[in-house]
Amino acid sequence: MAKRSTLSKGVSSIGAFTRNNLERMGAVIDGMNAKTSKPRQYKAVNLGDDDYQQDLFREQTLKATQQLLGPRFATYGKYAKKVVPNSLFQSTLDGAFAQVAKLAFNWSQIDLPHEHRFANIESLDDEQRYALATDIANQNRALATMGGLTGLAGLPGLLADTLWLLLVSLRTVYQLAAVYNKPLTGTQGIKMAYELLANADLSKMQEKQALLAGIGIGKGLLDNAQNNGLHNELKNLGLKNKNVNFYAEQVDRVASQVGIDLDQINLSWVRRLLPATAVVIGMRYNSQLIDEVIGVAQATFAPEAKLANRAITDDSSSEVKVDKAGDNAQKTDEQAEQTDAKNTDTAKESAKKDVENKDTKSKEHKDTVDKNAKNSDKTDRTKADKKSAEQSSADK
């Protein structure tokens, strides 16, 4: 019993250490994403709706399998359709994805009870639930991003990366639902989990799939060229694919004109560069895709919109910056109001002065008119008196 207790404590310590480091790593990744991408608001999903589109994970898993097997996949599919009805194939596929969801659910249940805050989950307020959800989101963000390391395996890694991202995404949905006291259980829970993934914007998964597939094909080409020569490999590739044949001929023609022997080119450094490039692309896209899942899950399960649409980050400095930005905005608004008030007072004073100036000018004009009228009357009287005097002198 003592040995079991010691082993249990050791496992718990390792688990706590791992979770803490995943949370730190996820917080760093979240901070990097916040700086390089625009903030957005996520819409809640009305779970339980029967009419929803199929999630992209299913489609991309089939594409990854096809790219991995190549022509053999088309051959298997051709004969399978003749033997196995399409309904049975879809049922088998649904069962496989249901097993992935069950695995993710079991994984989430193993990890959650070890969170010391999860023991009193029913007594937590909204802010405490959000803090716990942030930690769990950061854990899954780090796990999903680490899936990009499968790019080192080439085309087999493409399929492994897709399944890993699906597993972590489902784990995220199950855990966030449990944190907000809305657990997804049983067959209906599996359906709701996939429904939430179907409503997340996972369109970037197609971009990632195309880039990683291209890198995988390029690595395979260089591996063969290292043994058979680049000239022969380009020729063989052109024979297999007519769309590539034109470009392969152009490369061969340019090399001949320049005087470069394609078979003598050392491709080892390019072969080392491609896997590293695949890892960077996979990690970058995975961090963006898991952010979509986290955002939609928060919007769906969080009790208040302000908590759902708030950025998933554990960086207190960011919150300080937000507060400072709010204070600056408030000061700017107050200054604008003061400026408007001053402008209004200035306009009123200017209008008052204009009225006073008009009254003054009107009074001066009236005085001038009256003065001119008096002078005119005085002149007329003087002329009349003078005329009367002259008339009197004439009479005498």
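W164 is partly exposed, with a relative accessible area of 29%; partly exposed denotes the range between buried, under 20% relative accessible area, and exposed, over 50%, for a 1.4 Å probe and protein chains only. W107 falls in that class as well, at 25%.

A word on the basis of these values. The model is predicted, so local features need pLDDT of at least 70 and side-chain atom pairs count only at pLDDT 80 or more, whereas totals for chains, interfaces and linings use all residues. Residues are numbered from 1 along each chain as its sequence is written, and side-chain values use heavy atoms, with hydrogens and water left out.

I turn to the aromatic pairs. The whole structure contains 3 of them. Rings of Phe, Tyr and Trp, the last by its six-membered ring, pair if their centres lie within 6.5 Å; planes under 30 degrees apart count as stacked, over 60 as edge-to-face, and the rest as tilted.

One of the pairs is F97 with Y194: the ring centres are 6.3 Å apart and the planes stand at 80°, so the arrangement is edge-to-face. This pair links distant parts of the chain, since F97 belongs to helix α4 and Y194 to helix α7, 97 residues apart. Helices here are DSSP runs of H or I with at least four residues, numbered from the N terminus. F97 is buried at 6% relative accessible area, and Y194 is buried at 7%.

The rings of W107 and W164 also pair, with centres 5.8 Å apart and planes at 45°, which means a tilted geometry. W107 lies in helix α4 and W164 in helix α6, so parts 57 residues apart in sequence are tied together.

A charge sits over a ring if NZ of Lys or CZ of Arg is within 6 Å of the ring centre and within 35 degrees of the ring normal. R171 lies over the face of W107, 4.4 Å from the ring centre, and the charged end of R58 sits over the ring of F97 at 4.7 Å from its centre.

R58 brings us to helix α2, where the buried residues are F57, R58, Q60, T61 and A64. They pack against α4 (86-111), α6 (155-179), α7 (186-199) and α8 (204-228), contact being heavy atoms within 4.5 Å.

Finally, helix α11. Why is α11 described as largely enclosed by the rest of the structure? Of its 34 residues, 24 are buried, and therefore the description holds.

How values were computed: Helix = DSSP H or I, 4+ residues; strand = E, 2+ residues; numbered from the N terminus.
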